[in-house]
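Subject: Structure for your review

Dear colleague,

Please find below the structure that I am handing over to you. My notes on its interfaces follow directly after it.

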Amino acid sequence: MTKAFMTKTFMTKTLRSRLKAGVALAAVCAQLTVAAGPASAFCGFYVAKADAKMFNKSSKVVLARIGQQTAITMASDYEGKPSEFALVVPVPSFIQKSQISVVDTKTIDHLDAFTAPRLVEYYDPDPCEPDYRGGVLALATATPTAAIPAPPMQAYPGVKVEARYDIAEYDIAILSAEQSDGLIRWLTDNGYKIPAGAEPVIGSYIKQKLHFFVAKVDIKRFDALKRAYLKPLQVRYQTSKFMLPLRLGTVNANGPQDLTIYALTQQGRVEATNYRTVKVPSNVHVPLFVAHDFPNVYKALFDRAVARQDMHGVFVEYAWDMGWCDPCAAQPLSKPELTELGAGWVPGDSGKAVVNRWPSSNPPSAFVTRLHVRYDAQSFPEDLNFIETSDRENFQARYVLNHPYAGAASCEAAKRYEASLPDRFKHEAENLADLTGWSQKTIAARMATSGELPAGAN
Amino acid sequence: MRTFWSDARHFQIAALSSLLLFNFFLIDFGAKPLYSALAIAAALLTQVVCTRLSGSTRIDLRSPLITGLSLSLLLRANSAWLPALAGIAAIASKFALRVDGRHIFNPAGFAIVLLLSLTSGVWISPGQWGTSIWLASLLVFLALLVLRAAQRSDIALFFLGAHGALLVARAYWLGDPLAIPLHQMQSGSLLIFAFFMISDPKTTPDSRLARFLFALAVAALGYYLAFFMQMRPALYVALIVLSPATPLLNRVIPAKKFEWTPTIQGASS
């Protein structure tokens with residue numbers, strides 16, 4: 001017996017609104033302010049006016065790395081005015097113009113969709129036809145959820161503007177400094193207002209001989225591009241440090257922030273070396289109503305997983321060879337897309353990726369690890385350090401719906417099957433309660449709306 | 001009973017086995033039972049073969065069991081033959097690389113560094129033990145039992161002291177909050193290194209002063225490798241690179257040689 005196969009992908013409301021606003025530059029690392037107001041940022045910060053709401057509660061970073069060659073692409077849900085966006089990222093060395101580019105937002109969204117936690121549906125077979133084996137019928141994904149003026153340089157002892165570049169809508173400067181106060185004065189005079197807590201962090205990075213990558217939007221060029229959103233920025237460099245600076249992002253932060261890291265590597269899974277890497281709960285059977293509320297369910301599930309690790313965990317949501325998927329939440333990325341994200345080593349032509357639903361015998365392409373971190377200064381005092389392992393075992397955050405058989409069946413087996421359902425529903429309700437922390441009563445009430453009555457729930 | 005526990009290896013086997021069970025059941029991406037079994041079996045088998053080859057008839061399986069357990073806890077691999085190879089290399093090094101009648105390298109540490117440098121199929125997972133205080137306390141408790149029995153507890157404490165001092169000094173120099181070195185010190189894998197590897201009584205110097213100098217040197221080299229060379233298994237590499245200094249230190253600063261089983265007087269006291 002064959003059943004129709006369909007795949008659907010739905011996005012969360014939040015994600016939609018974020019996409020509408022355009023994914024702008026990143027904010028993993030800091031929450032500082034520009035002259036006029038609050039800012040937040042990636043390894044640095046982006047900035048908005050005092051009255052502007054901060055939106056950097058969640059950021060995305062793609063880290064592509066082979067050997068010491070590293071490409072970091074930063075995207076966030078920045079929704080403020082482009083003119084108020086600014087970004088400061090510590091980088092390991094001087095950056096040339098050829099090492100910087102902008103990336104298509106769609107590519108990151110594609111990677112996000114490909115690796116997203118997924119819900120799969122199975123339909124129970126006719127209990128009177130015992131040979132039938134169920135198959136995946138539907139699929140859904142939840143996706144948890146950017147003109148520097150130049151005062152005279154002698155005013156900033158030890159600060160050196162190493163280079164300035166115009167890249168797409170961005171004005172970029174590469175800075176080096178000997179002391180944090182000089183650099184902070186430079187930043188302040190150039191339109192950034194730095195909160196007090198940032199100075200020691202910047203001082204620490206200066207002593208570690210890091211450079212600073214500073215970007216702002218040139219409004220004239222941005223207007224000329226006639227684009228509604230800012231493109232994610234990518235910086236490529238050689239470094240022995242496989243890490244992500246988080247600390248600036250926790251300065252002056254308004255509560256914990258979420259960061260999703262998509263690591264693209266050649267050998268295998270990436271894990272943190274200075275925090276515990278854990279899997280989100282997966283392969284759990286859940287009630288049918290979850291199909292209509294998956295984003296909220298996943299959010300509650302993730303909140304609980306974070307709490308269970310006392311907010312000290314780095315969560316794996318997906319770890320898979322980019323060459324195939326099962327089930328596929330989205331098509332695998334094509335070589336041009338992977339190259340755009342910094343994984344230029346993948347084999348093949350520039351054509352579109354072939355969707356394999358099984359492991360291919362092709363040479364290893366890229367391995368993607370999706371890590372989700374919720375962090376603040378207390379729980380993540382130190383920057384995230386990573387190691388690339390040679391573990392290519394697959395993992396995906398996958399939740400399973402089982403539709404009871406809806407057809408007419410009158411055999412003896414059908415009676416037994418029907419009698420077994422309330423216990424199954426009860427088990428699914430318990431699973432969901434355990435995953436989300438929701439009360440069993442609430443769950444049972446919601447299950448009743450889809451015709452599932454757990455045993456003992458009346 | 002008292003005589004049984006006076007051999008530190010029995011404590012060590014109990015402690016490492018508990019940690020391995022914890023690893024199997026409570027740690028994601030942790031140890032795999034099959035791989036652990038292979039590492040342990042390979043270590044035991046190599047001990048038997050090497051003991052026979054060396055002409056001895058007294059086969060003692062406690063030390064290779066400890067080595068196998070340590071490898072299971074610390075080394076991760078992407079195929080089953082690698083932990084087995086690690087077990088063989090560890091025990092073979094004990095028989096092949098000897099000075100003054102005793103082996104130079106901690107067997108598990110040697111195998112870890114050897115495999116990390118020879119193949120990309122292995123890795124270590126220093127973050128997987130997390131930083132939970134209760135786990136740290138458990139480790140300290142288990143380890144103190146081992147070290148008290150082994151009477152070499154000082155080197156682990158010397159090492160942790162030196163390592164901690166370097167981390168605090170670095171934080172002070174960078175202007176970092178104390179939370180950073182504290183977080184680094186709470187690492188479960190650091191404690192495992194201190195209490196189950198650098199403190200291996202067979203490969204540490206005999207005199208207290210030499211152990212102090214040795215611990216200091218491992219901490220300093222480990223610091224250099226970690227922060228200047230960005231090496232993740234920095235401490236293991238530091239220990240193995242510096243281990244050949246142990247026989248030298250034992251000659252320069254001689255002291256009573258360590259034996260697992262205490263002398264009659266020691267046992268009765």
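This is a predicted model: local features need pLDDT of at least 70, side-chain atom pairs count only at pLDDT 80 or more; totals for chains, interfaces and linings use all residues.

How many salt bridges are counted between domain 1 of chain B and domain 2 of chain B? The count is 1 salt bridge, a term that stands for a side-chain nitrogen of Lys or Arg within 4 Å of a carboxyl oxygen of Asp or Glu. The side chains of B:R102 and B:D206 meet in a salt bridge, at 3.2 Å from N to O.

Residues are numbered from 1 along each chain as its sequence is written, chains are lettered from A and ligands numbered from 1 in the order in which they are written, and side-chain values use heavy atoms, with hydrogens and water left out.

The two domains of chain B

Chain B is assigned domain 1 (2–124) and domain 2 (131–252); such bounds come from an automatic or database domain assignment. The C-alpha centres of these two domains of chain B lie 20 Å apart. Their contact (heavy atoms within 4.5 Å) takes 25 residues from domain 1 of chain B and 26 residues from domain 2 of chain B.

Between them, domain 1 and domain 2 of chain B bury about 2,400 Å², 75% of it on carbon and sulfur atoms. Buried area is here the accessible area (1.4 Å probe) that two parts lose on being put together, summed over both. On the side of domain 1 of chain B, the residues that lose the most area to domain 2 are B:L19, B:R102 and B:N106, together 22% of what that side buries.

The rule also finds 2 residue pairs in polar contact across this interface of domain 1 and domain 2 of chain B, both residues being at pLDDT 80 or more. A polar contact is a pair of N or O atoms within 3.5 Å; within protein, one must be able to donate a hydrogen and the other to accept it, and residues adjacent in sequence count only if both atoms are side-chain atoms. The elements giving two or more residues to the side of domain 1 of chain B that touches domain 2 are α2 (8–26), β3 (102–103) and α6 (107–118) of chain B. Helices (H or I, at least four residues) and strands (E, at least two) are DSSP runs, numbered from the N terminus.

The two domains of chain A

In chain A, the assignment gives domain 1 (3–82 + 97–116 + 129–142 + 231–404) and domain 2 (408–458). Each side of their contact is listed with its own count: 19 residues from domain 1 of chain A and 19 residues from domain 2 of chain A. These domains of chain A bury about 1,500 Å² between them, 66% of it on carbon and sulfur atoms. In domain 1 of chain A, A:P287, A:F289 and A:P404 lose the most area to domain 2, together 35% of what that side buries.

Between domain 1 and domain 2 of chain A, 2 salt bridges are counted. The side chains of A:R308 and A:D434 meet in a salt bridge, with 2.9 Å from N to O. β19 (284–286), α7 (294–308) and β24 (398–403) of chain A each supply at least two residues of the side of domain 1 that touches domain 2. The largest share of that side, 6 residues, comes from α7(A).

A:L301 lies in helix α7 of chain A and is buried (under 20% relative accessible area, 1.4 Å probe, protein chains only), its own value being 1%. A:L301 and A:L435 are 134 residues apart in sequence and 5.1 Å apart in space, C-alpha to C-alpha.

The interface of chain B and chain A

The contact between the chains takes 29 residues from chain B and 30 residues from chain A. Chain B and chain A bury about 2,600 Å² between them, 50% of it on carbon and sulfur atoms. In chain B, B:F29, B:W123 and B:R232 lose the most area to chain A, together 27% of what that side buries.

Across this interface of chain B and chain A, the rule finds 2 salt bridges and 20 residue pairs in polar contact. A:E393 forms a salt bridge with B:K32, the closest N and O atoms being 2.7 Å apart.

Yours sincerely

Note on methods: Buried means under 20% relative accessible area, exposed over 50%, partly exposed in between (1.4 Å probe, protein chains only).
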